[in-house]
Amino acid sequence: NAGVTQTPKFRVLKTGQSMTLLCAQDMNHEYMYWYRQDPGMGLRLIHYSVGEGTTAKGEVPDGYNVSRLKKQNFLLGLESAAPSQTSVYFCASSAGGGNSPLHFGNGTRLTVT
Amino acid sequence: AQSVTQLGSHVSVSEGALVLLRCNYSSSVPPYLFWYVQYPNQGLQLLLKYTTGATLVKGINGFEAEFKKSETSFHLTKPSAHMSDAAEYFCAVRGNQGGKLIFGQGTELSVKP
């Protein structure tokens, strides 16, 4: 049981380039999330999804797009990378609200030069 | 709106000493609260979660958290620190929409031999 798997683990981009981060979960969870982690700022929510075919904006959505075409996958896209998007990106999934916890992947470390 | 404040970005204790990591929350509804731990270069792992009606919640690795509604606090404790407890700890509260978690800024715990 792999849980939440993120690919790639590391990536270096030049300003203006685009890329897609892939998140896959095998727990049949309805809810999926993308967070970014920056020093001293905790985790900030970028986008989330409450089910296949749905997406919604989080706290810091600008410069990112997402898609949830299949229940088990949640893709995060950067259309034109900027140095401010240098961060560690975490995907998470959850069975629902209430006290259902989020299950996290191991992160993708992205550097934009 | 829900929010979380973690008091102290860095806490240092000696091995065998009491660990106390502070978390205060703001919520307009009965809160769903969580503590997560992050070891270097890894994702977040669930330590414990608050269950409605409980005052003391037990988690993994000997950690506990006490829920005090009157103080809007959910502090994390461990009676005796171990070197392996050195990590970053995050308190989180569930938001109103989409099951998202709102995280505090994190507290880095150092354990001295």
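The largest pocket holds about 650 Å³ of space, a pocket being an open set of points on a 1 Å grid over the protein atoms alone, where a 1.4 Å probe fits, with protein on both sides within 12 Å along at least five of seven lines. The volume is the space filled by probe spheres set on the points, which are joined across faces, edges and corners. This is a predicted model, in which local features need pLDDT of at least 70 and side-chain atom pairs count only at pLDDT 80 or more, while totals for chains, interfaces and linings use all residues. Residues are numbered from 1 along each chain as its sequence is written, and chains are lettered from A in the order in which they are written.

**Pockets**
- Of the 31 residues lining the largest pocket (an atom within 4 Å of a point), A:Gln37, A:Val88, A:Arg109, B:Gln38 and B:Asn41 are the closest to its centre.
- By class, the lining of the largest pocket comprises eleven nonpolar, 15 polar and five charged residues.

**Interface between chains B and A**
- The contact (heavy atoms within 4.5 Å) draws 23 residues from chain B and 24 residues from chain A.
- Between them the chains bury about 1,700 Å², 55% of it on carbon and sulfur atoms, where buried area is the accessible area (1.4 Å probe) lost on being put together, summed over both parts.
- On the side of chain B that touches chain A there are nine nonpolar, ten polar and four charged residues.

How values were computed:
Side-chain values use heavy atoms; hydrogens and water are left out. Buried area is the accessible area (1.4 Å probe) that two parts lose on being put together, summed over both. Ala, Val, Leu, Ile, Met, Phe, Trp, Tyr, Cys and Pro count as nonpolar, Asp, Glu, Lys and Arg as charged, and the others, Gly among them, as polar.
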